[in-house]
Amino acid sequence: MLRSLVGSEMCIRDRITATFSTDEPTILVAEEIPYTFQTFCYPDQVEVQEWSSSMTIKPSELEDELVPAPEPTLDLDPDSRTDKALLLQAAADYLSFSCETTQIEMKPTAMFQKRCHKFEIKNESQIRLPFALGWQDSCGQAMSGGSFSVSPASGEISVGGIAQIEVLFEPFEVEQTEMYLVSNIPNLKQGVEQLRIAVAGNSTRPWCYFELEPSDYITADRREPGPGTVEP
């Protein structure tokens, strides 16, 4: 509610909240909500005060129940009346998605190396789709991803949008691993199941592995010229 006081420098503003609630999928585009704008002033000897229809008061100190606050006495300016309309856009829908990937099998990967697989999740609903991804064993029990990781592990997909998901396999020991990447998406449309992708990978031990600390020996040109050295 917006109030302007005629002949006064004081202006009182209040926030208007629109609530949208429905039991069925609903799409509203430019739905009109009529309202009236009119200036007013307080009569003489009436105290200027803030008021809105959402305010409540206690009728007395002996009563705990709150009642709507009475509207103060006002003088409306009839020439200022203007009828307008707010345009409301809202959407309510069950969530649904599509994903072509049902299985990921990584190629044999040497220890301390990385291998990446990418796939897409598309939002098929008319509202934003929140999602979270995690790992489960073959019995459906939550577990750590171990050598597997997923990015992003959670987020939102815009209407008709696509999320690019990356599964990374980074083994530090020789292993043969299989688990399931599963989704947690609320309010799914009837008949749509949570994402469940079988992910497998195995690692191999290299013949030799060197773990060297970073050095600026070459970039800082700390080499001494000698036989066979080619100057840059």
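Analyst: Buried means under 20% relative accessible area, exposed over 50%, and partly exposed in between (1.4 Å probe, protein chains only). Cys139, at 65% relative accessibility, counts as exposed. Before going on: this is a predicted model, where local features need pLDDT of at least 70, side-chain atom pairs count only at pLDDT 80 or more, and totals for chains, interfaces and linings use all residues. Residues are numbered from 1 along each chain as its sequence is written, and side-chain values use heavy atoms, with hydrogens and water left out.

User: How many disulfides are there?

Analyst: A disulfide is a covalent bond between the sulfur atoms of two cysteines. The rule here asks for a pair of cysteine sulfur atoms within 2.5 Å, and that gives a count of 0 disulfides.

User: And the backbone: which peptide bond is cis?

Analyst: Most residues other than glycine have a negative phi, and most peptide bonds are trans. The bond from Ser151 to Pro152 is cis, with omega near -5°. Pro152 sits in the loop between β15 (148–151) and β16 (154–157); strands (E, at least two residues) are DSSP runs, numbered from the N terminus.

User: Where is Ala30 found?

Analyst: In strand β3 (residues 26–37). Ala30 has a positive phi of about 55° despite not being a glycine, and is partly exposed at 46%.

User: Where does Asn187 lie?

Analyst: Look in the loop between β18 (176–183) and β19 (196–204). Asn187, also not a glycine, has a positive phi of about 55° and counts as partly exposed at 47% relative accessibility.

Conventions:
Helix = DSSP H or I, 4+ residues; strand = E, 2+ residues; numbered from the N terminus.
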